[in-house]
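Subject: Structure handover and notes

Dear colleague,

Here is the structure I said I would pass on. Please open it alongside the notes below.

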Amino acid sequence: MKKYIGVLTLLITILVSIILIKGKSEAILEKQETIIPLVSAQSLIKQDVYASIQSQGVVMPSLELPLISEINAQVNWLSDNMKAGASFKKGDTLIKFDKRDYELALISANSNVFNAEVNLERELAESDMANKEWARIGEGEASALTLRKPQLAQAKATLEAAKAQAEQAKRNIERTTIIAPFNGRVRKNNIDTWSTVFIGTPLGLIYSTDYYEIRLPITDQDIQFTGLQFDGKRISEENQLDVEIKSITLQHSNIWNGKIIRTEAETDPQTKMMVIVAKINLSSNRKNLLTIGQFVKATIQGLRQTEVIKIRRSLVRDNAIWIVDESNKLRKRNIIVWRYENNMAFIKQGIFFNDKLLTSRLSTLIDGMNVKVKSE
């Protein structure tokens, strides 16, 4: 019996297996329902935009003038507006020098002019008499000396020299008074009342407050969006860019409007960037105070681009974005970005008509996947 136990066990196993197979229940296949994700998408609108270029700089005077003495004299009077930091208006008297010596010089010069005029009249009469006398008794051609031509020329030259001296004396008297040539402010004063100055003595330093300038460094990626030639030349009025200058303080922010008037043809040695210069007309911005040396931020209105789509920069990946097409399918669009500004991207090409920008975050993004759109 022992030799038949293995065969018997095998037969029993086969029999049980057959019974289990015959008696198993039928599996019912259930149809799985496809879940279509609900996403948010926004319409894309084309618009015309200007490149907004950011920079910063320090306010400088547009016109700065060193005052230098043109005479030797003593300071008789010094205006309170000639103190460092003081403001003045065009036409204000800033400095007066002792002019008595120059008034005496003018009297002497006028006297010389009068004597020269008398001498010229005498020479004219004598020359006329010499010509008549030669015509009456002379023979042949008379010499210039006989006709008193050299004497007449000398008298005329003497008169011109006397007039020049008189004019010089008048100018010296005018130079005894320093008058402000523009609305401005004193940066530096080197003299005081009763001090003596000589020709070439520095009197002070003043600057105009009608216009200010700001040097604005431009990054390499922004240069192409200015449309300017960095050749150091002044920009024509029709090509000058608008610029908004902002100064932020603890209390409030002030805004001034200006123009980009020129470029610099050299790289700034500190920032290693190209520089453009903004000019601010203070006469139209009087309500807000702007001072020399003040740090400001600038927003420059650069080139204009038509039919640009503006989206969040975070939605652009490897120059591509995900959109929902008109059939409610996800599509990956390769795009051309015209410019990035802060957290925004400006798309120039790659968007089709009726495309909507996908703004939802999905765990899986498959090109051609069906979605349901909930418009933003």
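Predicted model: local features only at pLDDT ≥ 70, side-chain atom pairs only at ≥ 80, totals over all residues.

Residues are numbered from 1 along each chain as its sequence is written, and side-chain values use heavy atoms, with hydrogens and water left out.

Helices

Helices (H or I, at least four residues) and strands (E, at least two) are DSSP runs, numbered from the N terminus. The expected span of a helix is 1.5 Å times one less than its number of residues. Helix 2 has 38 residues, and the distance from its first C-alpha to its last is 56 Å, close to the 56 Å expected at 1.5 Å a residue. Helix 3 (residues 149–174) has 26 residues and should span 38 Å; its end C-alpha atoms are 38 Å apart, which agrees.

For exposure, buried means under 20% relative accessible area, exposed means over 50%, and partly exposed lies in between (1.4 Å probe, protein chains only). In helix 2 the buried residues are Tyr102, Leu106, Ala109, Val113, Ala116, Leu120, Glu123, Ser127 and Ala130. These buried residues of helix 2 pack against strand 4 and helix 3, where contact means heavy atoms within 4.5 Å. In helix 3 the buried residues are Gln151, Leu152, Ala155, Leu159, Ala162, Ala166, Ala169, Asn172 and Ile173. They pack against helix 2 (100–137) and strand 7 (177–179).

Sheets

Two strands pair if DSSP finds at least two bridges between them. Asn189 stands opposite Gly204 in strand 10.

Another open sheet has 4 strands in the order 7-6-4-9, and the pairing is again antiparallel. Here strand 7 and strand 9 (196–197) are the edge strands, each pairing on one side only. Strand 4 (residues 73–78) and strand 6 (residues 93–97) are antiparallel and pair over 3 bridges. Trp77 stands opposite Lys96 in strand 6.

Strand 11 (residues 211–218) is mostly covered, with 6 of its 8 residues buried. Strand 2 is joined to strand 11 by 3 bridges, and the two run antiparallel. The bridge partner of Pro61 in strand 11 is Tyr212. Strand 11 also pairs with strand 14 (residues 274–281), in the antiparallel sense over 8 bridges. In that pairing, Ile218 stands opposite Met274 in strand 14.

Pockets

On a 1 Å grid over the protein atoms alone, a pocket is an open set of points where a 1.4 Å probe fits, with protein on both sides within 12 Å along at least five of seven lines; lining residues have an atom within 4 Å of a point. A volume is the space filled by probe spheres set on the points.

The largest pocket has a volume of about 380 Å³. It is lined by 16 residues, of which the closest to its centre are Ser314, Leu315, Arg317, Ser360 and Leu365. Strand 16 (320–324) and strand 20 (356–358) are the elements that give two or more residues to this lining. Strand 16 gives the most, with 3 residues.

The second largest pocket holds about 240 Å³ of space. Its lining consists of Ser52, Gln54, Thr219, Gln221, Asp222, Phe225, Arg339, Tyr340, Glu341 and Asn342. The elements that give two or more residues to it are strand 2 (46–61), helix 4 (220–223) and strand 18 (336–341). Strand 18 provides the largest share of this lining, 3 residues.

A loop residue

Glu238 lies in the loop between helix 4 and strand 12 (242–248). Glu238 is exposed, with a relative accessible area of 66%. Between Glu238 and Leu289 there are 51 residues in sequence and 28 Å in space, C-alpha to C-alpha.

Regards
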